Amino acid sequence: MIGPRIDSTGRAMTPGNAKIDSLDDARDTVRRYKALGTDVIKQYMQPHRRQRQWVAQAAFEEQMNVTNEG
């Protein structure tokens, strides 16, 4: 059926609700968001580039998209 699509980003992934200190932390967090029905990871205020890269890699592995700030 042709019609509009609704994608959910869920709660934004910030340092306050997602502590990302390694690739495994990012994988666990992305899987948790996916289990809650999130289609797109909305990532904000991760202070280091490597943290954003870990989240992007984990999302890629789970076939999800990421929106990044900064």
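**Exercise 1. Find the residues of the largest nonpolar core in this predicted model, and say which elements give two or more of them.**

Solution. Start with the membership: the largest nonpolar core holds 11 residues, namely Met13, Ala18, Ile20, Ala26, Val30, Tyr33, Ile41, Val55, Ala58, Ala59 and Met64. Next, look at the elements: helix H1 (23-35) and helix H2 (49-61) each give two or more residues to this core. Now zoom in on one member, Ala58. Leaving aside residues up to four places away in sequence, Ala58 touches Ala26, Arg27 and Val30.

**Exercise 2. Work out in what order helices and strands follow each other along the chain, and how the radius of gyration compares with the globule rule.**

Solution. Count the elements to begin with: there are 2 helices and 2 strands. Read along the sequence, they give the pattern α-β-α-β. The radius of gyration is 12 Å, close to the 11 Å that the globule rule gives for 70 residues, so the chain is as compact as a globular protein of that length. Along the principal axes, the C-alpha atoms fill a box of roughly 45 × 20 × 15 Å.

**Exercise 3. Describe the contacts, burial and surface of the chain.**

Solution. Take contacts with a separation of 6 or more: 71% of them join residues 24 or more positions apart. Then turn to burial, where 31% of the 70 residues are buried. The chain exposes about 5000 Å², and carbon and sulfur atoms supply 49% of that area. Finish with charge: the mean positions of the 11 positive and 9 negative charges lie 3 Å apart.

Note on methods: Residues numbered from 1 in each chain as written. Predicted model: local features only at pLDDT ≥ 70, side-chain atom pairs only at ≥ 80, totals over all residues. Heavy atoms only, no water. Helix = DSSP H or I, 4+ residues; strand = E, 2+ residues; numbered from the N terminus. Rg over C-alpha atoms; globule rule 2.2 N^0.38 Å. Buried < 20%, exposed > 50% of the residue type's maximum accessible area, 1.4 Å probe, protein only. Contact = heavy atoms within 4.5 Å. Areas by Shrake-Rupley, 256 points an atom, 1.4 Å probe, with all protein chains shown as cover. Lys, Arg positive; Asp, Glu negative; His and termini not counted. Charge placed at Lys NZ, Arg CZ, Asp CG, Glu CD. Core = buried A, V, L, I, M, F, W, Y, C linked by side-chain atoms within 4.5 Å.
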